[in-house]
Amino acid sequence: MTTLSVVGQNAPRRDFPEKLVGQAKYSADLKLPGMLYGHVLRSPHPHANIVSIDTSEAERVEGVLAIITPYNVPRRAVAPIALDTSVLDTRVRFVGDEVAVVAAVDDDAARRAGSLIKVEYEVLPFYTDPDSALAPDAIDIHPGGNLAINPPLSIGRGDTEAGFAEADLVMEETYNIACHSATPMEPRAAMASWEGDKVTVWKSTRGVHVDQVALAQALEIPVENVNIVGPFLGGGFGNKDESRLACLAALLSRQAGNPVRIEFTREDEFVAGRTRHAGRIHLKVGVKRNGTITAIHGTSTLNTGAYAASGPGVARRAGQGIIYLYHCPNVRYESYLAYTNCPSAGSYRALGAPQGHFALETLMDRVAEELGIDPLDFRQKNRVPPEGQPGPRLSPPDQVVDSQPIEGGIPFSSNGLEECLTRGAEAFGWDRPLEQPADPSKRRGKGMSMMIYRGGPGSTSAATVSVAKTGEISLLSGLMDVGEGATTVLPQMAAEILGVNAEDIINVFGDSATTPEAPITAGSTATFSTGSALVRAAAEVRRQLLDLASDGLEAPVMELEIGDGRVFVTDDPSRSMALSDVAATMDGEAITEEVTIPVPGSADYIVNAFGAHFCEVEVDTDTGRVRVVRYVAAQDSGRIMNPRMALNQVEGAISQMLGFALSEELVTDGPTGVTLNASYLEHKSPTIMDFPDLQVIFADIVDPVGPMGAKGLGEVPCPGVAPAIANAVYDALGLRLTELPITPDRVIRAMEGS
Amino acid sequence: MNPFQYAEPKTLAEAVTLLDQPDAHAIAGGSDLLDEVKEGIISPVQVISLASVPGLIGIDESESGLNIGAMTTIADVAAHPVIRTAYTALAEAAGGLATPQVRNVGTLGGNLNQRPRCWYYRHPLIPCLKKGGDRCYALIGNTKYLCVTGGDRCYIVHPSDTAVALSVFDATVDISGSGGSRTIPIGQFFAAPGVDVTRETVLEPGEIVTGVSLPRPADLGANGEPPRSLYLKAREREAGDFALVSVAVRLAVSGGVVQQAAAALGGVAPVPHRATQVEEYLAGRSVDSVDAAYAGTLSIPDARPMTDNGYKVVMANNLVKQGIARLVGR
């Protein structure tokens with residue numbers, strides 16, 4: 001595929017018109033005849049056993065039709081993501097944990113009834129930080145103790161002890177990272193409706209097929225009796241991958257005999273949604289005088305809150321930069337994932353990678369400085385090269401390589417780190433000294449970072465491409481478009497192969513009854529993994545269309561081409577047929593190809609995405625406030641399918657991580673366990689006024705493994721933001737901030753302490 | 001939300017009569033009142049709108065100064081040409097508070113009467129002292145946003161930006177209630193927790209603010225050198241944020257000498273904090289001999305910071321320094 005006509009173009013977002021005029025329906029906009037309103041009663045205690053629940057008074061409220069408590073639900077886990085989370089439980093584990101739900105004819109009646117449910121609690125000791133939860137005298141939050149992964153994760157290669165012994169210089173530091181919320185605009189909602197023994201649930205979701213399995217297990221009904229529909233999603237960012245709310249809606253609906261919808265309030269979304277894991281990372285690096293890295297050892301202690309959710313994945317991903325971003329024979333990473341009585345942490349864009357990279361990329365800056373090497377040169381010297389890490393390959397040669405490998409001896413399918421560093425530095429003007437403002441209270445500094453992330457291989461993915469006798473082309477995928485744009489980009493890829501315009505493809509997405517199996521839209525995998533299935537399905541459909549056209553045009557397939565909605569003879573384009581005329585000659589009603597890729601990726605190469613970030617900050621030394629003035633992000637995500645939407649992805653990632661770096665912190669009160677700032681006002685996400693001047697560069701790379709050369713992008717820019725900013729703050733003030741977010745009080749404290 | 005009755009009286013007399021009932025609450029812009037209802041802090045039985053009461057909206061200029069009706073929006077205060085030139089600190093305070101949406105509905109009266117932002121006060125599950133509970137939960141919890149001076153069993157900071165700015169203009173507050181009307185200096189309008197922990201002003205139940213009066217600066221127009229003022233606000237993001245610390249400074253300079261000085265701080269005390277030692281240091285001093293950095297250190301001489309809020313003292317000193325330096329042209 002040399003020249004592309006659809007892929008690489010700025011196809012307009014499919015959902016733009018509906019979203020712009022306000023016609024797009026989100027889960028909370030849906031309403032069925034006779035629908036009831038659900039209300040969740042939440043725990044006021046951070047940790048308690050429910051001794052009894054008396055609903056008699058609540059049942060007498062006019063308009064109340066169903067009440068669900070832990071005593072009248074199946075005591076099943078909401079698997080497969082939330083293995084430790086029951087539909088409802090007689091143990092509550094954080095302030096805001098679900099205790100009971102009510103369905104009534106209106107919201108007021110449901111709330112009133114909720115306030116009349118009498119719950120007797122046996123209050124238990126509670127813990128808001130991992131250290132106290134992991135102390136020997138702490139009581140168990142879950143059966144099996146307060147380590148959510150036990151034994152703790154420990155991975156590595158080589159011999160770090162020998163590596164440190166070899167080093168001329170060993171540097172170490174401890175980093176602390178606060179919890180923050182993804183703050184999706186849409187608070188999650190779910191509506192359930194039964195027909196006989198079959199239930200349909202419309203919900204805020206990242207994966208209808210995963211929800212389908214979870215509900216079937218939790219409700220103890222066959223999978224085929226559950227259908228999940230994903231309406232428009234108002235921001236996922238990794239959140240909304242669980243099913244507890246949907247189970248509660250389904251149970252209420254079954255008991256009441258009417259459809260039921262439950263919607264989170266804004267406060268619920270902050271408290272009972274999912275946050276990024278707060279944590280502490282200790283990192284130690286050994287280097288030779290010449291700048292060669294001999295050993296890296298990282299240990300993370302992460303606060304997963306009341307439930308593990310995707311905590312194990314977070315713990316793992318926090319270590320990937322530590323073990324793979326720098327060329328080094330001896331590395332080790334350990335992680336302690338602790339249950340506490342804070343709100344649950346879970347999936348949030350790039351999972352643990354921003355935490356891990358913050359530690360790694362600020363400590364490497366210090367190491368470079370100590371050695372007297374420019375931070376850029378140090379990274380160019382030590383970045384993991386295209387041929388990969390040293391050491392032997394351990395996995396069998398025919399096994400698809402994990403996108404988070406540990407072992408050495410495996411090359412990357414493509415590795416644009418060098419290009420990102422070089423082009424990013426050039427665009428930023430890394431060599432030029434910064435101009436300091438005339439106002440002496442303002443100081444400017446520059447900083448940089450680099451990053452590594454999974455490049456797109458995900459779970460089992462499928463796609464169906466179909467051409468009807470009428471010429472209508474459709475693309476069926478079980479994926480949810482969580483706002484990132486799969487419903488625009490995937491049809492672009494199909495259109496490229498079938499020689500039509502992207503808008504000629506009819507999309508069927510996000511409905512578990514009519515679409516092939518799909519994973520959750522997670523891990524920056526949709527374009528790569530579903531795209532890989534789609535490309536094969538479309539190619540097969542194209543082959544069959546060409547066979548048909550070969551008869552019609554009386555020319556061998558080898559001499560045919562496809563484009564602009566027609567099949568034509570390469571040497572004589574005047575001999576052509578419209579695709580719809582070709583389709584009309586088929587025997588059946590449609591040519592349909594479904595392709596499933598059990599394990600996307602490659603057995604020969606690691607598929608990873610990369611980036612390098614550069615920024616300039618201005619610190620107000622009177623107020624401690626850090627403002628990012630200028631930002632350059634260079635990304636290697638393979639061939640870019642839709643440049644405008646790719647740019648939006650990078651802008652979005654940087655704006656979210658700006659909050660992580662500088663202002664956002666969801667605070668759980670130590671003495672009471674309540675969340676103190678569950679609001680847009682007090683959980684301080686940056687505004688457009690805080691956004692820097694941003695330049696985005698995409699490396700000129702076509703990945704040989706990825707479909708049409710693509711690699712993952714959605715999360716990839718996230719890990720680099722906080723360390724680039726922290727390194728720039730150091731350049732401005734000469735102070736290393738080791739705690740996130742870098743708020744004015746922390747900056748002032750650091751200045752006072754120096 | 002509990003049901004409530006809504007009334008829109010057509011006269012001030014009718015409004016204050018309606019407000020003289022238990023659980024009656026006045027609503028102006030509503031941006032704070034609705035939050036308080038949702039947070040379970042208040043459950044109004046009667047909500048009395050001031051929208052149709054005549055005479056509460058508008059900015060009137062007279063020989064004696066300016067009168068700003070309590071229902072005048074923050075956006076209108078920020079945009080008013082006389083306020084921008086002669087009472088710059090007030091225009092800057094109004095123009096930088098919250099967001100454009102809030103400034104368009106929020107009123108000056110409402111801004112002075114808004115309730116504190118203390119996380120513990122605002123949390124539905126925390127029975128804090130201000131809500132009739134038995135103790136302050138913040139003191140043993142997160143103290144980052146609490147006051148560094150003037151706390152007394154309760155350690156809130158007053159959230160109003162305009163209150164701080166009004167403090168340096170010798171403003172007076174016009175109050176009406178069923179018992180009649182009164183006018184008091186802005187410095188006496190706010191009440192420290194030691195006076196009454198459940199409220200932040202001296203308004204009696206049923207009383208409302210009807211307007212604010214700003215005296216005409218003595219030297220305005222006299223020698224063509226109006227007193228200059230400014231408002232500086234430290235915060236954690238550029239918009240939609242309350243002050244960590246804010247400062248209003250006003251200097252009347254003539255003949256190279258500071259004739260009059262006023263400085264007030266927000267974010268540091270339960271009421272707008274008048275930096276009297278700074279004012280004393282500046283008054284009568286020749287501009288050339290003003291040491292702004294030294295003056296800054298006089299901002300909160302009795303500060304008693306807690307675990308997490310010591311930064312406020314540094315910030316206050318720096319902002320006062322910066323404010324003075326800018327006004328004297330350095």
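**View 1. Domains 1 and 3 of chain A, and how far apart their centres sit.** In this predicted model, the C-alpha centres of domain 1 of chain A and domain 3 of chain A are 37 Å apart. Chain A splits into domain 1 (16–22 + 458–597), domain 2 (31–124 + 185–235 + 240–272) and domain 3 (278–457 + 604–753), with bounds that come from an automatic or database domain assignment. A quick note on reading the labels: residues count from 1 along each chain as its sequence is written, while chains are lettered from A and ligands numbered from 1 in the order in which they are written. Since the model is predicted, local features need pLDDT of at least 70 and side-chain atom pairs count only at pLDDT 80 or more, while totals for chains, interfaces and linings use all residues.

**View 2. Where domain 1 of chain A meets domain 3 of chain A.** Here 17 residues of domain 1 of chain A are in contact with 20 residues of domain 3 of chain A (contact: C-beta atoms, placed from the backbone, within 7 Å). On the domain 1 side, α13 (486–498) and α14 of chain A are the elements giving two or more residues (helices are DSSP runs of H or I, at least four residues; strands are runs of E, at least two; both are numbered from the N terminus). The most comes from α14(A), with 6 residues. Sorted by class, this side has 5 nonpolar, 11 polar and 1 charged (Ala, Val, Leu, Ile, Met, Phe, Trp, Tyr, Cys and Pro count as nonpolar; Asp, Glu, Lys and Arg as charged; the others, Gly among them, as polar).

**View 3. Chain A touching chain B.** The contact takes 29 residues from chain A and 23 residues from chain B. On the chain A side, helix α18 (residues 744–753) gives the most, with 5 residues. That side is made up of 11 nonpolar, 9 polar and 9 charged residues.

**View 4. Helix α1 (residues 12–19) of chain B and its buried residues.** Look for A15(B), V16(B), L18(B) and L19(B), which are buried (20 or more other C-beta atoms within 10 Å of a residue's own; exposed means 12 or fewer, partly exposed in between, with C-beta atoms placed from the backbone). Down the axis of α1(B), the buried residues fall within an arc of 160 degrees, so they line one face of the helix (the arc is that of the directions from the helix axis to the C-beta atoms). Their cover includes β1 (5–7), β2 (24–27), β3 (46–49), β6 (172–177) and β8 (208–215) of chain B.

Conventions: Two residues are in contact if their C-beta atoms, placed from the backbone, lie within 7 Å.
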